[in-house]
Amino acid sequence: MPVSRRQVLAGSAVSAAALASGFPAPAIAQNEPIKIGYLPALTGPSSSTGVGINRGTQLAVELVNKEGGIKGRKIELISRDTQSDPTKAVNAVAELTQRAKASMIWGPLNSGEALAATPLIARDKVPMLHPCWVDSLIDVKKYPMSFRIAPTNTQVGKGANHYVVNVLKLKKVAVISDTTGYGTDSVNTYVPMLKAMGAEVVYTNHIDAANPDLKPELLRMQSAGAQAIMPWSVNAGFLSRICNTRGAMNWDVPIVGQTTLGSGQTKALLEKPEYWNKVYSNNFRNCCYIGGKLPPRAAEFVERLKKDKVEFGDTLLWWVALGWDGAMMMAETFKNAGTKNDDIVAYMNKVKGWPGIYGTVTWTPEQHNGFPDQEVVMCEVNSLKDGAFNIAPGYSS
Amino acid sequence: MPTSAPRSRTREPLLEVSGLSAGYGKIGVLNGIDFTVGAGEVVALLGPNGAGKSTLLKAISGLLPRTGRITFAGQDMSKADPGDTVRAGLVHVVEGHRVFTQLSVIDNVMLAGYGLPRDRRTTQVEEALAFFPDIAAKRHDRAVTLSGGQQQMLAVAQGLVRRPRLLMLDEPSAGLSPVLVDRVLAAVARLRAGGTAVLLVEQLIEKALAASDRVYALARGSIVLEASTDEEDLPNRLERAYFGQDAHAPLAS
Amino acid sequence: MLQSIVSYGLAVGAVYALIGITYNVMFSASRVFSFTAGMLGMLGGVLGALFINKLGMNAVLAFLLVLAAGAVLGVITEILTVRPVLKSIEQHLYVLSTLAFALMIQQVVAIYWGTEAQPFPVLVPIDPNSALSIIDQKIWLPVLACIVTIVGLELLYRRTLIGRAFLAIAEDSYAARALGLPETQLRIASYAIAGMIGVLAGFTGAQMLLAYFGNQAILNFYGFVPVALGGMGSNRGAVVGGLALGLFQQAANFLVGGIFASVAVFAVFIVVLLLRPEGLAGAAAARRV
Amino acid sequence: MTDATSPISTAKAPAGWLGRLEGSWSWIALGLVGLLLPLLDDSYFGVIAQRAYIYWILSAGLNLVVGYAGQIAIGWVAMLTLGAYTTAALAAGRVGGVEWHPYLALIAGGAMGAVFGVIVGLPALRLRTFYFAMTTLGFATIVTQVALAWKDVTGGGVGTPGPVFLWPFEPGWGFYYFCFLLAALATWITANIGSSRYGRALVAIRDAEVAAEASGIAKPKLLILVFLLAGGLGGIAGGLFSSLQSYITPDAFTFEMSVLFFIGILIGGRGSILGPALGTIILTVLPEFAAPLVQWSTFLYAALLLVIVLVIPGGIADLLDYKNRRPLEQHREIVPRPELLSRVLGAKGEPSAIRLANIALHFGGVRAIDGLDLEIRSGEVHGLIGPNGSGKTTTLNVISGYYRPKTGSLKLDGADLPFDKPHARAGYRIARTFQTPRLVGAASVLANVMIGGTVRGDGTFVESMLSLPRHHNDEKQLKVAALKALATVGLESLADVRADRLQHSELRFMEIARALMLRPAFMLLDEPAAGLSAEEIRRLGALIKAISREGTGVLLVEHHADLIFDICDRVTVLNLGKTLAAGTPAEIRSHREVVSAYLGA
């Protein structure tokens, strides 16, 4: 079999690289898949977000591979279900970074697991991209290879606070949460922010989410003179009970808070549909109907989803979009920077205004939080259509 | 002491037990018991404490697992559970007047007729209570309010509801005053008169013998004596049976 | 506010009391405390929501099916986890076997039903303007279920022969067996009844507690507190204890709020157990030697 | 202690009863794998192994609580939580603003676990199993809730970073060896306890609580020590866990994890160290290699638990126990050798006597004893007979301290014997046997007998834990004494056999051997002849008589009249809780009322 000069050259280049790295790599190395270690929580408590994100991620990887992969190399998503359990995440990190030699880690998708996984991934020097909101997960000194493709909790709270104080112009606010980490931390962070904006926080509490009767809580808020309730929780049962109790009390006060307020779970638990009126949850400008229409990128994405017959009516557009964005961001990074960790970080440090469907991402060497403040908005929760919501009243379009 | 030769019996055997062994877990108590009770016969089962008398009754009624052969009224009862034996008319009144103290007297007796058709149950319950006017008068009181003797009568009344063909009474006199003992044993006599066979385990030997036709003595898990109650020299033979074959001294002066 | 404490306290308390009765009915028949009590409560909600919301049955049919399922689970509990260990010398094996069975069922629910709380339908269609709707049905349903259960059990125990047979076995199973009572069948029947009471608690309480797999652990613990308070085997004690617990919990929720309510309940539980292990109304321990 | 001519010293000294479990080869193999694993340089294996070591450190302690003492502590994960938060919070300077050195913080975590181990364990001293299980479960919930609420210290739900240990146990293989060493230490300590008199006492509390008390084992004190140790190990495991996790949040400490520890122990087998260690390793490692089944893991653990409870209650340890599956000789004879008694009982003491005066006791409305006088003198066999329910066993239970009589006095040589403290009787050298033999079925005959001598040891719990000289001395002496006692009753050839394989009559003699371990001044025998053959009763009688002739006072409750009249020096006849007659056997045999009560003549 005749061998062309070009093939010989290519082959020798590979062996040189292999020698340099001290590893006798087989000649087919260039066709080996690029491995992404993927840490979704697909089962266990708080897995519905993971299921939504997973759909977008799987779709994007499929598409990239169908179109020929990255320079001929397929992307292989090595998925380890963390089951919403941090110990599973720690084991999985060791497996993905050391064993599978993943080029990048996507996830964990839940903060609880991300808190445990991030220092370990950083120790193993593997670049990491995740969508968790906990602020402390991004720290360019401690975790120089870790990037966030979503807003921080501070940004999320800032968005809600901004809406209450500056858009609705309400000054007396009740801030409550459930007893989970997310909830307690949110309250403790947002209350000072509200005060700094000139609002008066008339009531705060951490409430056991299993408590069947929230009327005492709401009565206390009412008597404290609250003009808006800001509940921070990812527990649909808890949030729906707040809406139900407010409705039963005939208390006409807006509820402004976290995205779960607008979830189908919360809706299903409402006693009356109208109890969802005047409830505003966090959302993201790029995935909201503004004047009845989605922004162009999201509209195009929805068309694609419909064409590919991807179900998303039972989940949320922004979850699927986020999953898609994460995978696409990594694909683009591999395309431009290859799979060496330093190259990847160097490339990502310079991403500027990357037009994701979910958000417009910008990173710098000093700032690995990539989501812009102004894209965190509030939406009307009772306006859900095709997985997306109307932007809340009062925003300028 | 060898048991006396089997006597010719005038009555057909109602209960026949052969090679019966039983115990509690590892503790073997009975080793190969053979004996019979004839229809309408009152048989006393005597023996020192720990000889296995209660164990024998439990093994017959199915309260304890056992090996060996038990035939009752022609039916094989070797594998029967207490429900089976009770339905066949072989009823065991356990020791210690264990009635249900939280239930009324009438409910206690009714329970003994569990599974009988309602009208039969009512009739037979009244029959049984008729044996003991004392407790029939207290039929709506809770059993906890009864005295020990009354509780024992209630337990016997429970045993009568099924119109048993053989009633096994385990120490009906235990803890009772002499007057009450006589009342209970009088019931045995009435049963005999009515044709019901009784297997009577008793500590009060004299009274037991007076009430019985025949006697078996049990020691260390074996039958050591069988005799008719009208035999002479019975006390001495019993004593030797109780204290082993090589009794040291004459018992009574 | 007081009205809120009382109404929700009674409603939650009724659910706890029913779970306590579930423990007791199984205990009376077998001297076994079964971890399946909370599981039954959880399944009452989950199965109800499954039948009505997912399979579109009407509420009455769904209710009957849930009761049947409870009875079947009770029977399975008896056959699979209780009977094999009853005769064992090792007294505590039932703790493990019932725990294992309850965990297995819970995990099946977690996988097929999901780990999120799901809504439970409104059961009784009531015109919101009618007098009946003054009190929410999620309040009065469990209370009604508790009343029906306690009255039903009382009638069963006091008016029927089979009920007296249950009492007899609870008091002295040996004597009951000697009388020829079918102990095994009666025990199975007790477990079936306990199964129905357990799912009844879950079914009627689910508009409040939702169809949620995590209710198992909550009901296991909070349903056992009334048993510890009221004395084991005592249904009246369980009702009093359950209602007291519900009211205490709601009052604590209201007055101190947050997690301290559950810490307080736990503290009371421990203190009562240490000071009066036989329950506030129970009898002293039996002879040991 | 032993002289060359002694027939005992020629008996092959059996391995400790734990010998059946402590397959040293298995431990060596496990240790080698652990030591050499870093050569693979696969940090995934490393993490899994560290997790297994950490879980085992907790489980090793929990094993003493669950596997040995038989306490159903389902919620022991709380100790892991406490240790983890204490270590992490102190190391991070969340308490008092001082950042503790990680190693000091780890020690503090262990101390915290130990303290709360005892606090959670306290209810076990009083409560029935299910109640205790519920309590530990409730405590686990509360700890998690406090961790959520106490944000300043625990970081609340957001959590707090775990400590990073410094040289020589820095993250990576350094930390790996740290976990390995501590796991080895935990194994060694708990194995030492397990094979000591304390371990045997725990198992006795589990399987034969009254016999343990009669042997002088104080349950509260012993359990507190064990809870202290198990809590401490749990706390240390927690501190290591927080470092392995790098960051801890309350959701890391799930009930599933608690169930995992618990099931690991039961899979392994109770009363074993190796079995639970293997069980813990399997349950830690298995989910990693059965990824598709991961979401079913809790289901599978639970199913496994059910199978173990129903089918193989002995766990892995029993499956590995080949030795005890060898058939025993079918027709065995018990030939006691009373001539050895003097060596077992030691020198005769001063004559002494137990006196009961006017003792009365009621159960509910029933008079169990009604004004009883009785005297048991050293060197005599005192028979106690009477019909069922006449109060014989009750009398025995009053003497051994289980019941407090309503009136009357109980004196030993003129001094009051305390009531309600059955375990204190061993100190007075009052030993007893039971109507139904109380034994630890899974332990060897030798171990069962050694339980009887628990109070004779000098070494403390800590000395046993660390296998110090006094512990070895105790063990050696106890073993020699137990072998002597077994030779005396004629069971030395069965010393190594699991006690539950013995015949009933052999168990009766084993109980006597156990009682002899106290070198009793008084011995209370409750129907020792029940279930024995005539020949065995004769040998038993000779043995009892010989015991009394060595100076021990014997109280013999018995139904076998021939035995009573054969060997008793004096006899008391009870009826309805009262003395019907008392005197020499000859007097009793001719006593009118006795004859009538017994024979109706």
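Predicted model: local features only at pLDDT ≥ 70, side-chain atom pairs only at ≥ 80, totals over all residues.
Student: Why are strand 1 and strand 2 of chain B said to pair?

Tutor: Pairing requires at least two bridges between two strands. Strand 1 (residues 13-24) and strand 2 (residues 27-38) of chain B share 8 bridges, in the antiparallel sense, so they pair by that definition. Within this pairing, A22(B) stands opposite L30(B), and G23(B) stands opposite G28(B).

Student: What lies between strand 1 and strand 2 of chain B in the hairpin?

Tutor: The hairpin has 2 residues between its strands, and G25(B) in the turn has a positive phi of about 60°.

Student: What makes strand 2 and strand 5 of chain B edge strands?

Tutor: The open sheet has 4 strands in the order 2-1-4-5, with antiparallel pairing. Strand 2 and strand 5 (75-76) each pair on one side only, and are the edge strands. Helix 1 (residues 53-61) of chain B packs on this sheet, touching strand 1, strand 2 and strand 4 (66-72). The direction of helix 1 makes about 70° with that of strand 2.

Student: How far apart are the nearest C-alpha atoms of chain A and chain B?

Tutor: They are 39 Å apart, and the two chains do not touch. Among the 5 pairs of chains that touch, chains C and D have the most contacts.

Notes: Residues numbered from 1 in each chain as written. Chains lettered and ligands numbered in written order. Contact = placed C-beta atoms within 7 Å. Axes fitted to C-alpha atoms, helices over the stretch in contact; angles between N-to-C directions.
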